[in-house]
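Here's a quick briefing to read with the model open beside you.

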Amino acid sequence: MRFTPQVLIFGARCHVHLLSGTCFQQLILVCVCVCVCVCVCVSPQVIWDIIGNKQFCSFKVKTKSQNFCRNEFNLTGLCNRSACPLANSQYATIREEKGQCFLYMKVIERAAFPAKMWEKVKLSKNYEKALEQIDENLIYWPRFIRHKCKQRFTKITQYLIRMRKLVLKRQRKLVPLSRKVERREKRKEEKALIAAQLDNAIEKELLERLKQGTYGDIYNFPVHAFDKALEQQDEESESESEAEEEEEEDDEDVGRREFVAEDEVEESDLSDFEESSEEEEEEEEEMEVETKAKAKAKAKASGSKGKSPAGGSAARRKRAYVEIEYEQETQPAAKSTAT
Amino acid sequence: MYTGREHGNRRNTTEAPKNSQGAAFPPTFSLSEVKNKQRRHLMFMKLKQEKRKQKMQLKKKRRKEREALGDKAPPKEVPKTIENQRVYDETTVDPEDEEVAFDEGTDEFSAYFNRLTNPKVLITTSDRPRGRTVRFCEQLATVIPDAHVYYRRGLALKRIIPQCVARGFTYLMVINEDRKVPNGMVLCHLPDGPTAHFKVSSVRLRKEMKRRGKDPTMHSPEVILNNFSTRLGHTIGRLFAALFPHDPQFVGRQVATFHNQRDFVFFRFHRYIFKNEKKVGIQELGPRFTLKLRSLQKGTFDSKFGEYEWVLKRHEMDACRRKFQL
């Protein structure tokens, strides 16, 4: 039984030594898919002849301009005669595992033992020392492999450094949202909003503050509120308040608007109101004297109209003030333009 | 041929009710045992009508009684609401509690409440904010006096914070964005105050508001804090209060409201006007949004190593519908 270096290969033009029939079993056929079995006595040149350009190599990735090699032991990543780990019996690579770099070496003596083919050498974490290690392990090896190993090692250390730096910077954390939970919370929020009755709460709070006098003397109402409180206890306060009001007419320093209830205001239900401009205040002060008398009666008569924000009525009233100059109670035509 | 089926039929017809009103049902009968869908449906409808009728009768009777009694009628019962049924929280603050008062006198906000510092707020966003978030930040800056908006540009918060402290800011507000809408807020009280992380929802910008007024002026608004009852609520309330300057300018007639309802804090910004001492009109300006507290951390922003005073744990805290934290 003689093993011939050349083997019967499908489709390849090779010399075939036809032995006797009993030796057929000894012919080892190289599979078309090279990764499955490698014949002990196939020369690398033969292998390259097959997988390089002619036949199929399962690690090869072809693109328009170049061929890449997906084999994890490949040194450069390209599909070349000198860089193919299958077609070179003496080969070395650098690979990285969890931040540690290793030098893998394959020699022809171990070609028969696929399990022990690659020799793994741990490289030091110090860059220069590791380079020296590579040199001493690959002494007498082809220049190409030595050079490429060092290049690959450099690249790997660089990306490891970058990874370590990135960890220290800001890291974006993606938090998964549960759809059910989001839906439930949305519904709860809607219900809470309805239960809150925000407008009412705010108005109540503001009126509370007014009653407690946090606004000081800005508004004239506190007098009325105070009176209302007194009224329930003691009915003589009404006369007192009249006296007080007349005194305070002259004390309007900040020039706040007098929000005096007027006749046509009660049915209005507009919610818009305008911020009064400065000019109107002078007019208001002039009109105060006339309207105060009306106001007093009206204010006592009108109960709280609830929470209907008759803000528009305030605007109307202000507008009415503007128009009162001309002694007409006209509809505020200018309201729409001012809005 | 006498098959079993006939027997079965006969059994059904004898046992099944004659479908008259006073039918003889076995006492353990339930509607779901009727196999025929239409018939079952009809029976159920009838049952419901019966129940409704009884209820109406009861109501009428009660109303008649009430009217008959007139003034002496017993007071109407208060309906149960979630707020009524709220599980009593042992951290609810008693208004006269001295321990709480002492704590609040010495916590991180005491500097503000003792008028030693004026609030100065830095508003920023997460990386690469979209238009909505940017506009929201700008509007927030108009609502909060002395607020400055800065672009984030990929800076790390831990590096921003010492710079802010050096420049005298008292608050850092980071609006987080997801899918082009703001959805989170980190509010960090600066010298070394607590950091609160909120979930932001229902953001309405100014131009989406109906019937709104003109833009807010530069006057300091008043602040209303509603329903912050527990210790945690108190802390959060003070956190919000310290955003605004101490003395509101009543000239501006603006009010910012933080209303807590069932652990949702609703923020509104209004302009008010007193028509008389019983009526006030309010007009909404400014953005509105809802906040839900997710975590409160002692110290400035440090999500990994910070000490968390309170974290929203859904399984514990959301399990009971009547239990609220704020």
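Two strands count as paired if DSSP finds at least two bridges between them. Keep in mind that you're looking at a predicted model.

- Strands in a sheet pair up through backbone hydrogen bonds, in either a parallel or an antiparallel way.
- Here, three strands of chain A form an open sheet in the order β3-β4-β5, and the pairing is antiparallel.
- β3 (91-97) and β5 (118-122) of chain A sit at the edges with a single partner strand each, so one side of each has no neighbour in the sheet.
- From one strand to the next, the twist averages 25°.
- For a spot to look at, find Arg95(A), which stands opposite Phe102(A) in β4(A).

**The helices on it**
- Helix α2 (residues 127-137) of chain A packs on the sheet and touches β3, β4 and β5 of chain A. The direction of α2 makes about 10° with that of β4(A).
- Helix α3 (residues 143-168) of chain A lies across β3 and β4 of chain A, and α3 runs at about 10° to β3(A).

- Cys57(A) is in no disulfide, and its nearest cysteine sulfur, that of Cys69(A), is 5.9 Å away.
- Cys57(A) counts as buried because its relative accessibility is 8%.
- Cys79(A) is in no disulfide either, with the sulfur of Cys69(A) as its nearest cysteine sulfur, 5.5 Å away.
- With 12% relative accessibility, Cys79(A) also counts as buried.

Terms used: Residues are numbered from 1 along each chain as its sequence is written. Chains are lettered from A and ligands numbered from 1 in the order in which they are written. This is a predicted model: local features need pLDDT of at least 70, side-chain atom pairs count only at pLDDT 80 or more; totals for chains, interfaces and linings use all residues. Side-chain values use heavy atoms; hydrogens and water are left out. A disulfide is a pair of cysteine sulfur atoms within 2.5 Å. Buried means under 20% relative accessible area, exposed over 50%, partly exposed in between (1.4 Å probe, protein chains only). Helices (H or I, at least four residues) and strands (E, at least two) are DSSP runs, numbered from the N terminus. Axes are lines fitted to C-alpha atoms, for helices over the stretch in contact, and angles run from 0 to 180 degrees between N-to-C directions. Contact means heavy atoms within 4.5 Å.
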